[in-house]
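Colleague: I would like to learn how to read a few features of a model. Please take them one at a time.

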Amino acid sequence: MKVTFSIIKADVGGWPGHSTVHPELVEVAKNKLQQAKESGLLIDFHVTHCGDDLQLIMTHTKGVDNEEIHRLAWETFKEATEKAKWLKLYGAGQDLLTDAFSGNVKGMGPGVAEMEFTERKAEPVIAFMMDKTEPGAFNLPIFRTFADPFNTAGLVIDPSMHAGFVFEIWDIQEHKMVTMNSPEEMYDILALIGAKSRFVIKRVYPKEGSKLPADEPVAVISTEKLYQVAGRYIGKDDPVAVVRAQSGLPALGEVLNPYAFPHLVSGWMRGSHNGPIMPVSVENARCTRFDGPPRVVALGFQLAEGRLIGPVDLFADPGFDRARQIALEIADYIRSHGPFEPHRLPLEEMEYTTLPEILEKLKERFVKVESPEEAKNIAAQV
Ligand code: F6R
Ligand code: MG
Ligand code: MG
């Protein structure tokens, strides 16, 4: 059977500040999705959170971008916002950018990762959720899972994976996409996705001749850029991803292993700092220190005719303790830079902060420096 796996998420109020989600918001969402399950719209669902983001994990047979499913998510976020307002949670409704739903939540604030595929005899699926960072934060781990033979042994030794994978890469500034083959174009792929604030991996597909249909994605990442949608800074996107595993795909452990390296991502405090991404359990997905450090959570499921058998909280494993320790050491180190780059993001990524205002304020006081002699004279006058 063909099943659609959808994660739709939004920050509709933090408790306290931007740290985590109040349990009553999770309750509101559970009740709403339970009704949808009883009415037959959903096969199954799981509601959770990562940091201050409310996460709706849903299975159904409606396909991607379906109006009924998106309306359900939108209405769920609206109801949760009402509860958040009543509790006076922080930034109630912050990710819901308009009042009226217009057929699809994309571009309206929430983040979306969904894919439709033929459920195999046994179908392991992992839902990844990040807080205090941007979609490009998935570039490194997804690349390593599907293209790096030093991470994924199956690329070398499993004949059904040996041909590699196809990457769909989006230029989120120019709103364009390109499809590229790995390993043939690996260096070109890296040239793009290393610029993670601009080029992001959107989907991964198997190649023709693999065990899986080449037109059904095996990984998908949310790529909404909230600040571009809103036109002003209202927080980082806090992306989500869905990845399928095993039997001709990277094994569960090959999907998870890249997160044992807490790589640097942008986001963290005020969406304006580089910092390590720390893999944590749902229980520990609370962004406290300097509003972070950025977190990633992974929930594993087996699908049974679309039913969600799980979740297993995959980063609750002590196997990731060392990654957490390293993340904290990096956090200490990079935090010591205070307002200096490269902890603080470079100018071009600070567009929606006070920096343009400061430059504007000082505009008249900037004088042209023509020669070293002149510079000395000017300095003498000040
Ligand atoms: C980062 C984030 C927080 C806030 C910070 C200031 O994505 O959401 O770090 O930017 O707590 O929040 P305000 O301006 O709402 O006081
Ligand atoms: Mg928030
Ligand atoms: Mg968030």
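Colleague: Are Phe-128 and Phe-138 buried or exposed?

Modeller: Both Phe-128 and Phe-138 are buried. Buried means under 20% relative accessible area, exposed over 50% and partly exposed in between, with a 1.4 Å probe and protein chains only. Before going on: this is a predicted model, in which local features need pLDDT of at least 70 and side-chain atom pairs count only at pLDDT 80 or more, while totals for chains, interfaces and linings use all residues. Residues are numbered from 1 along each chain as its sequence is written, chains are lettered from A and ligands numbered from 1 in the order in which they are written, and side-chain values use heavy atoms, with hydrogens and water left out.

Colleague: How many aromatic pairs does a search of the whole structure find?

Modeller: A pair of aromatic rings is described by the distance of the centres and the angle of the planes. Rings of Phe, Tyr and Trp (its six-membered ring) pair if their centres lie within 6.5 Å; planes under 30 degrees apart count as stacked, over 60 as edge-to-face and the rest as tilted. The search of the whole structure finds 10 aromatic pairs.

Colleague: Why is the pair of Phe-128 and Phe-138 called edge-to-face?

Modeller: Because the planes of the two rings, Phe-128 and Phe-138, are at 70 degrees, with the centres 6.3 Å apart. Phe-128 lies in strand β5 (residues 123-131) and Phe-138 in the loop between β5 and α3 (139-147), 10 residues apart. Helices (H or I, at least four residues) and strands (E, at least two) are DSSP runs, numbered from the N terminus. Phe-128 and Phe-138 also belong to one aromatic cluster with Tyr-259, Phe-315 and Phe-320.

Colleague: Which residue has its charged end over the ring of Phe-117?

Modeller: A charge sits over a ring if NZ of Lys or CZ of Arg is within 6 Å of the ring centre and within 35 degrees of the ring normal. Here the charged end of Arg-244 sits over the Phe-117 ring, 4.1 Å from its centre. Likewise, the charged end of Lys-202 is over the ring of Trp-170, 5.0 Å from its centre.

Colleague: Which residues coordinate the magnesium ion (ligand 2)?

Modeller: Donors are N, O and S atoms within 2.8 Å of the metal (3.2 Å for Na, K and Ca); water is not among the atoms, so sites may look incomplete. For the magnesium ion (ligand 2), they come from Asp-11 (OD), His-18 (ND1) and Asp-52 (OD), at 1.9 to 2.2 Å. Asp-11 is buried, at 2% relative accessible area, whereas His-18 is partly exposed, at 26%.
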